[in-house]
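These notebook entries record what I looked up in one protein chain.

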Amino acid sequence: MFAMGSSSWIRILFLSLTTLCSCFATEVTYDANALIINGERRLIFSGAVHYPRSTVEMWPDIIQKAKDGGLDAIESYIFWNRHEPVRREYNFSGNLDFIHFFKLVQEAGLYALLRIGPYVCAEWNYGGFPLWLHNMPGIELRTDNSIYKNEMQIFTTKIVDMVKEANLFASQGGPIILAQIENEYGNIMQGYGDAGKSYIKWCAQMAVAQNIGVPWIMCQQPDAPQPMINTCNGFYCDNFQPNNPKSPKMFTENWIGWFQTWGERVPHRSAEDSAFSVAHFFQNGGVLNNYYMYHGGTNFGRTAGGPYITTSYNYDAPLDEYGNLNQPKWGHLKQLHAAIKLGEKILTNSTRSDKDLGNAVTLTTYTSVGGSRFCFLSNTNNNTNANVDLQQDGKYFIPAWSVTILAGCNKEVFNTAKVNSQTSIMVKKSDDATTKLTWVWTLERKKDTLHGNGDFNANQLLEQKELTLDVSDYLWYMTNVDINDTSIWSNATLRVDTMGHTLHAYVNRRYVGYKFSQERSNFTYENQVPLKNGTNTIALLSATVGLANYGARFDKIKTGIAGGLVQLIGKNNVTMDLSTNLWSYKIGLNGERKRLYDLQPHIGVSWHANSSYPISRPMTWYKADFEAPYGKNPVVVDLQGLGKGHAWVNGHSIGRYWPSWITATNGCNDTCDYHGKYTAENCNTNCGNPSQRWYHVPRSFLNNDKNTLVLFEEIGGNPQNVSFQTVTTGTICAHVYEGALLELSCQGGQVISQIQFASFGNPQGKCGSFKLGSWEATNSRSVVETACIGKPSCGFAVTKEAFGVTGIANDLTRLAVQVTC
Ligand code: GAL
């Protein structure tokens, strides 16, 4: 006889459950033509969704929309600096709970790709590295350095152990089918010489020793040691070949759009070219395509990298920053996924032959052992359309720069340039009750710093992030200068060489101005300064705007006044070098220390309530209460009129803002020409506007009753036009070729209220400016009205019969529709 405590029973139950779990293990293997998941030969569509770039409340909807868009998997990096901001002090709460995120992916029935890095790039602050790492004596990041490797291994192991504990690897029955170590090291490896080569071997060994039971990948790493699978990142990867003929060809980052920097226009990548890149990749033997990004989201807090990455990380991804469908991209890719999946069995298990049909037109035929066929027909001409006669397999019109997918090699099921899915023009709406805000304000307290009083001193100009450990964007550098000859110095020039990113100067407690470099590089600040006989105090406030995240040894790029020079230049160019003066330092703002952005009472701070709040005044804190906009649509705050700073709602950071930085007035195109190879420069919008005017306020940050917005305005602005708005579909359009489906849907419970345009024939123009062509079916409008008015969504097959047309129709017969929700 023996008695067992309840904890022993729990352990036995746990052990048997773990054993049970292994019965459900999913085996992931591969060959050159497929990922083989539990024996099934698969092609995988995946999309990047970075969990800290949205909120826990947004995750289920994003994941479901990714699934509805035809994805099989969700991919995310792991963000080291958010999880271990202080060495061995971890944070996995809230939207850092990546285990919860991957569990939701699993519950949705999707696979997952885990990109541990732990260097991630990702336009993320410092590429994901915690600052304490940089400050460890003797450390060299991303190379064969034992101190770095030890830290990297400890963090990687911690993540792997957490994933194992949650049974999230496919080998344990979980969703994770692939894992990545390092990130695009091959791109910058040369900069590290032989140490780089041995480092990458070590990375591989360290990863394999983690024993995760699913394959490891390395992206952009042509010399990836076996069994690492090397993969490709870029706008196109059709020509890529893995370094082992037995490895599957995987496109780990298909850049579906591009990121934005402050002062830059908004980049777009067309639905046509995005689909072209994917279809051409699968035409050329692709096995896995991962969109970077599927949902870009928001760089909350100080997570944006850079320097100068905007708070919005919208990326022109299939789901926009707020989680709405970005149409027509989302819908066009959904149809593409479905078309390629029709051929999955054949593509993963057959022989391939390519036939050059001349003039950059290629027919690729996949034939299975049983004789089933699946074809791609590509036209890589930039501008010349092609008409191809495949004899008994039919005749096809292939627009320039497009790929046609032929099921059975004789039925067109998709063409990348023929966009049939809905286009949505999103609009921002103001709710009258929330438009006018009443502001209270207080000036940033600078009594100490303007008198030169900091927290510690040094006889040199120190590097900013090393000193601040990046807990704040701000660092004060202060010094005193004794002057005894005003004939030389009364009208001197202050000259500061700084590594960036913004610099404000005060002399004898007077503000003398600020400067930043538009080129995102180091710069020289120069200004006339009034000096007096006796002691003069110079106080310089340096601000960073996101730390560098890319390049060989990017971690060593300096910030702040680092080493100087700081000089005074007097009459006849007499120069006084202040670089080795005694400098006093203070990290961060007093307002940050007092946490003026949160909802606690702020002892010793008076918020002024008079209606004449300061305008264009640097270093001002503003605060206003507001009501949450009604409904469920995503909320944004319009910060037009403000300069540069940081915003918080109910104590949650919604990121840095900089609407005063206006983008170039040229280089934008209304219609993005999708023809030819895409570069991030060739399709931009938002010329001559604030680079980012609207800032996402996730619904979960808001209360039903009172809410509080706090702004720290660094360079001076006017908050009078700040307003809260919601984002929703305004006008929606479809341009559907004969034979395809018309599908229209509004969002947020709205219904189709008005048909603005409907023409079945050869309509011209684009959404917002459709025009009649040379012919149309006379009942075009009434057919659409009957099917759609008063409904949240509608759809039907666009055929001649539906419009009662006989005769005329040809290859390019189509229906154009524009409606309002
Ligand atoms: C890649 C990198 C990603 C991201 C992307 C550009 O080089 O791996 O993390 O930075 O570029 O958005």
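Entry 1: I began with Asn-38, which lies in the loop between strand 2 and strand 3. The model I am reading is a predicted one. Asn-38 is not a glycine, yet its phi is positive, at about 50°. I noted for comparison that most residues other than glycine have a negative phi.

I then looked at the strands around this loop. Strand 2 (residues 34–37) and strand 3 run antiparallel and are joined by three bridges. Leu-35 has Arg-42 in strand 3 as its bridge partner. Three strands form an open sheet here, in the order 1-2-3, with antiparallel pairing. Strand 1 (28–31) and strand 3 (40–42) are the edge strands, since each pairs on one side only. On average, neighbouring strands of this sheet are turned by 30° against each other, direction ignored.

**Entry 2: another positive phi.** Where does Arg-142 lie? I found Arg-142 in the loop between helix 5 (131–134) and helix 6 (146–165). Its phi is near 55°, again a positive value in a residue other than glycine. Arg-142 has a relative accessible area of 1%, so I recorded Arg-142 as buried, the limit for that word being under 20%.

**Entry 3: cis peptide bonds.** I kept in mind that most peptide bonds are trans. The bond from Gly-306 to Pro-307 is cis, with omega near 15°. Pro-307 lies in the loop between strand 12 and helix 10 (329–342). The bond from Gly-500 to His-501 is also cis, with omega near 20°. His-501 belongs to the loop between strand 24 (491–498) and strand 25 (502–507).

**Entry 4: aromatic rings.** I looked up the aromatic pairs, and the count comes to 64. For Tyr-77 and Tyr-292, the ring centres are 6.5 Å apart and the planes stand at 65°, so this pair is edge-to-face; the angle needed is over 60 degrees. The pair links distant parts of the chain, because Tyr-77 is in strand 5 (residues 73–77) and Tyr-292 is in strand 12 (residues 286–295), 215 residues apart. Both Tyr-77 and Tyr-292 are buried.

Tyr-506 and Tyr-511 form a tilted pair, with 4.9 Å from centre to centre and 55° between the planes. Are these two residues buried or partly exposed? Tyr-506 has 4% relative accessibility and therefore counts as buried. Tyr-511, at 30%, counts as partly exposed.

**Entry 5: lysines over rings.** Lys-158 lies over the face of Tyr-90, at 4.3 Å from the ring centre. Lys-428 lies over the face of Trp-694, at 4.1 Å from the ring centre.

**Entry 6: domains.** The domain assignment gives domain 1 (6–326), domain 2 (349–418), domain 3 (427–442 + 593–726), domain 4 (445–588) and domain 5 (738–820). I looked up how domain 3 and domain 4 meet: ten residues of domain 3 are in contact with 19 residues of domain 4. The centres of domain 3 and domain 4, taken over C-alpha atoms, are separated by 29 Å.

**Entry 7: a strand with two faces.** Which residues of strand 42 (residues 793–797) are on its covered face? They are Cys-794 and Phe-796, while Ser-793, Gly-795 and Ala-797 make up the uncovered face. Strand 42 pairs with strand 40 (residues 741–745) in the antiparallel sense, over five bridges. Cys-794 in strand 42 stands opposite Leu-744.

Conventions: Residues numbered from 1 in each chain as written. Predicted model: local features only at pLDDT ≥ 70, side-chain atom pairs only at ≥ 80, totals over all residues. Heavy atoms only, no water. Phe/Tyr/Trp six-rings, centres within 6.5 Å; stacked < 30°, edge-to-face > 60°. Helix = DSSP H or I, 4+ residues; strand = E, 2+ residues; numbered from the N terminus. Buried < 20%, exposed > 50% of the residue type's maximum accessible area, 1.4 Å probe, protein only. Lys NZ or Arg CZ within 6 Å of the ring centre and 35° of its normal. Pairing = 2+ DSSP bridges. Axes fitted to C-alpha atoms, helices over the stretch in contact; angles between N-to-C directions. Domains from an automatic or database assignment. Contact = heavy atoms within 4.5 Å.
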